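Please read the following account alongside the sequence and the coordinates. It goes from the whole chain to single residues.

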Amino acid sequence: MAMIKLRSLLAGSIVAGIVLGTPLVQAQEGAEPRFTLERTESGVIRLDRQTGAMALCTESGGNLACRMAADERAAYDEELSRLEKRVEALEKQLAQGLQSVPQAGELPSDAEIDRSIGIMERFMRAFFGLIQEFEKEEQQTQPDRTLTP
């Protein structure tokens, strides 16, 4: 509930800043900037126009230090954790796949050779079967062109 109020407050202050014409970052000629900064009573609010994420920034020594809101940070950490697990799983799959691939100079096993020959044999039978079908069709559709006296 407090987060909804904070977002409403932040959105309201951004809208107020735009309406009052006091944005800290002005649009460049024809190009809209990714971030918009708005001054508030407690610091500066940074809005990412691409993602919609907002951060509260404080100014210290001419530098802005921005922090994500607590729920945004939790969502960010959760997404990061999910992606790390996915990368680990993909790396394991890749490692297992690379282990089963013969290395340079290694000969394939008899089972791999038999499987490859079986695939080639099926391909060749299907290919030559199509050729025979086309030849039969061609013989049936051509009229007899022999001359009989």
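Among contacts in the protein chain between residues at least 6 apart in sequence, 19% join residues at least 24 apart, a contact being heavy atoms within 4.5 Å. The chain is a predicted model, in which local features need pLDDT of at least 70 and side-chain atom pairs count only at pLDDT 80 or more, while totals for chains, interfaces and linings use all residues. Residues are numbered from 1 along each chain as its sequence is written, and side-chain values use heavy atoms, with hydrogens and water left out.

The protein chain has 3 helices and 4 strands. Here helices (H or I, at least four residues) and strands (E, at least two) are DSSP runs, numbered from the N terminus. Read from the N terminus, the order of the elements is α-β-β-β-β-α-α. Of the 149 residues, 12% count as buried; buried means under 20% relative accessible area, exposed means over 50%, and partly exposed lies in between (1.4 Å probe, protein chains only). The chain exposes about 12,900 Å², and carbon and sulfur atoms supply 57% of that area. These areas come from the Shrake-Rupley method with a 1.4 Å probe, and for residues only the protein chains shown count as cover.

How confident is the predictor? Its confidence in each residue is the pLDDT, from 0 to 100, and the average over the protein chain is 77, with 71% of the residues scoring at least 70.

Next come the strands. Strand E3 (residues 54-60) and strand E4 (residues 63-68) pair in the antiparallel sense over 6 bridges; two strands pair if DSSP finds at least two bridges between them. Glu 59 stands opposite Leu 64 in E4. The hairpin of E3 and E4 has 2 residues between the strands, and Gly 61 takes a positive phi near 65° there.

A search of the whole structure finds 1 disulfide, defined as a pair of cysteine sulfur atoms within 2.5 Å. Cys 57 and Cys 66 form this disulfide, with their sulfur atoms 1.9 Å apart. The torsion about their S-S bond is about 105°, so the disulfide is right-handed. Cys 57 is buried because its relative accessible area is 0%, whereas Cys 66, at 31%, is partly exposed.

Cys 57 is also in contact with Gly 43, which touches Glu 38 as well, leaving aside neighbours within four places in sequence. Gly 43 lies in strand E2 and, at 18% relative accessibility, counts as buried. The C-alpha atoms of Gly 43 and Glu 59 are separated by 6.9 Å, although the two are 16 residues apart along the chain.

Asp 48 is found in strand E2 (residues 43-48) too. Is Asp 48 buried or exposed? Asp 48 is buried because its relative accessible area is 7%. Its side chain and that of Arg 34 are joined by a polar contact of 2.8 Å. A polar contact is a pair of N or O atoms within 3.5 Å; within protein, one must be able to donate a hydrogen and the other to accept it, and residues adjacent in sequence count only if both atoms are side-chain atoms. The side chain of Asp 48 also reaches the backbone nitrogen of Gln 50 at 3.0 Å. Not counting residues up to four places away in sequence, Asp 48 touches Arg 34, Phe 35 and Ala 53.

Methods. pLDDT is the predictor's confidence in each residue, from 0 to 100.
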